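Please look over the sequence and the structure shown below before reading on. The briefing that follows takes up the model topic by topic.

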Amino acid sequence: MRLYTVLIKPVSGQCNMQCDYCFYCDEMKNRSTASYGRMSEQTLRNVIRRAMRQAGEEICFAFQGGEPTLRGLDFYSRAIELEKRFNTGHTRVLNSIQTNGLALDEEWCRFFREHDFLVGVSLDGTKRCHDTYRHGPGGGGTYRRVTESIKLLEEFGVRFNILTVVTAQTAEHIEEIYGEYRKNGWQYQQYIACLDPIGAPPGQQDYSLTPEAYGRFLTKLFRMWHKDWRRGKAPYIRQFENYIGMLNGYAPEACEQCGVCSVQCVAEADGSAYPCDFYVLDEYRLGDYGENDIRQMTECAAAKAFVRRSLNISAECRACEWYSLCRCGCQRCRIRDGEKDGYINSLCGGYRMFFDKCGRQLQEIAQYSRSVKV
Ligand code: SF4
Ligand code: SF4
Ligand code: SF4
């Protein structure tokens, strides 16, 4: 078994921001230990040692939170040392970090540049949208500070992408948001549908997406992107690039577009392992990086049950004309299909709207990229 990514949580769910829709805060409320505190160097060592043992040609250490910068730069310097020490097989080691950008300064940027970190910065479009839900410690908006951090990353030549949570508000203002990103020259964009709280019926929160809002969002975004694509100036938008790759026979690199979950090897701060960032909950615990081999953890009963459930897709999905592209989306967004057996995506209507309106153009782009590669 080859391991490609390990997702490390250096400070568990601790954060210097308070976002109304934070999915990890919700997970913390739904488990017996809310926060596992700060990851010790010994735990970091265990995680990296075991991961390097399972690595093939390439492995990525992805640091996430909470807010991972709260663990301090020394921790990351130590991670680089350990990656080198345990890299006995000439593996290409990549590092990425997902941050809210609040604490970034020159020292952080210098470090990221030196070690070629890929930095994901969470930003919800415009000041108005961002500040609606992404609050600082005192409750105020954080847009100004985060955009200053992005400028600093640019100045230092750090590779970064912008991660935007698609809420009811960002969906409604996507034209303004895309225009702003275009004006700023942000070429790498990722849009993630906002999750509803665990166990809550979908669509009930102020920030919740409805299928209609999501469908309109995807369609508008795609049309703007398509226009830019025709001019040879389209940014990289992960979801669209994956659809085009899939139409050309490539496996999607985004797990929510695979149709079936794989075990993502999350390492919580105390060293316990989980199958996915969306399922860091007691009943999904797979083992401990201090005690168990990664192979053992990814093949245990809890891991198998997690993957098996993602295969339980409704008959409606399987019969859907868009199934080969949509694949029912992320398991965390699926709901039971009424009384029937199997799951369907809670945003199904939105996916259908998008594929009905933009599927043909996706196919044309895929065909074009095939023809230029020949
Ligand atoms: S910055 Fe991220 S981890 Fe922190 S509260 Fe917001 S969504 Fe949660
Ligand atoms: S639950 Fe979603 S994010 Fe997690 S592994 Fe499955 S598809 Fe990926
Ligand atoms: S569009 Fe709806 S029915 Fe079709 S595959 Fe996606 S979730 Fe299933």
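**Briefing on the predicted model**

C265 lies in the loop between helix 10 and strand 10, where helices (H or I, at least four residues) and strands (E, at least two) are DSSP runs, numbered from the N terminus. This is a predicted model, in which local features need pLDDT of at least 70 and side-chain atom pairs count only at pLDDT 80 or more, while totals for chains, interfaces and linings use all residues. Residues are numbered from 1 along each chain as its sequence is written, and chains are lettered from A and ligands numbered from 1 in the order in which they are written.

**Backbone features in loops**

- C265 has a positive phi of about 55° although it is not a glycine, and with 26 C-beta neighbours inside 10 Å it counts as buried; a residue is buried if 20 or more other C-beta atoms lie within 10 Å of its own, exposed if 12 or fewer, and partly exposed in between, with C-beta atoms placed from the backbone.
- S12, which is placed in the loop between strand 1 and strand 2, also is a residue other than glycine with a positive phi, near 50°, and S12 counts as buried because it has 23 C-beta neighbours inside 10 Å.
- The peptide bond from G65 to G66 is cis, with omega near 10°, and G66 is found in the loop between strand 3 and helix 3 (73-85).

**Overall form**

- The protein has 15 helices and 14 strands, and buried residues make up 43% of its 374 residues.
- Taken along the principal axes, the box filled by the C-alpha atoms is roughly 50 × 50 × 50 Å.
- Of the contacts between residues at least 6 apart in sequence, 71% join residues at least 24 apart, two residues being in contact if their C-beta atoms, placed from the backbone, lie within 7 Å.

- Ten strands form an open sheet with mixed pairing, in the order 9-8-7-5-4-3-1-10-11-12, and two strands pair if DSSP finds at least two bridges between them.
- Strand 9 (236-237) and strand 12 (287-288) stand at the edges with a single partner strand each, so one side of each is left without a neighbour in the sheet.
- Strand 1 (residues 3-8) runs parallel to strand 3 (residues 55-63) and is joined to it by five bridges, with C60 in strand 3 as the bridge partner of T5.
- Strand 3 also pairs with strand 4 (residues 92-99) in the parallel sense, over six bridges, and here R92 in strand 4 is the bridge partner of E58.
- Strand 10 (residues 266-267) and strand 11 (residues 272-274), by contrast, pair in the antiparallel sense over two bridges, and A273 in strand 11 is the bridge partner of A267.

**Two domains**

- The domain assignment gives domain 1 (3-310) and domain 2 (315-373), with bounds that come from an automatic or database domain assignment.
- The C-alpha centres of the two domains lie 23 Å apart, and 26 residues of domain 1 are in contact with 25 residues of domain 2.
- On the side of domain 1 that touches domain 2, the largest share, nine residues, comes from helix 9.

**Ligand surroundings**

- Ligand 1 is surrounded by residues including C15, C19, C22, C25, G65, G66 and S122, a residue being near a molecule if its C-beta atom, placed from the backbone, lies within 6 Å of it.
- Ligand 2 has C255, C261, C276, S310 and C330 among its surrounding residues, and because domain 1 (3-310) and domain 2 (315-373) both give residues to this shell, ligand 2 lies between them.
- Ligand 3 has C317, C320, C326, C328 and C348 among the residues around it, and the largest share of its shell, three residues, comes from helix 15.
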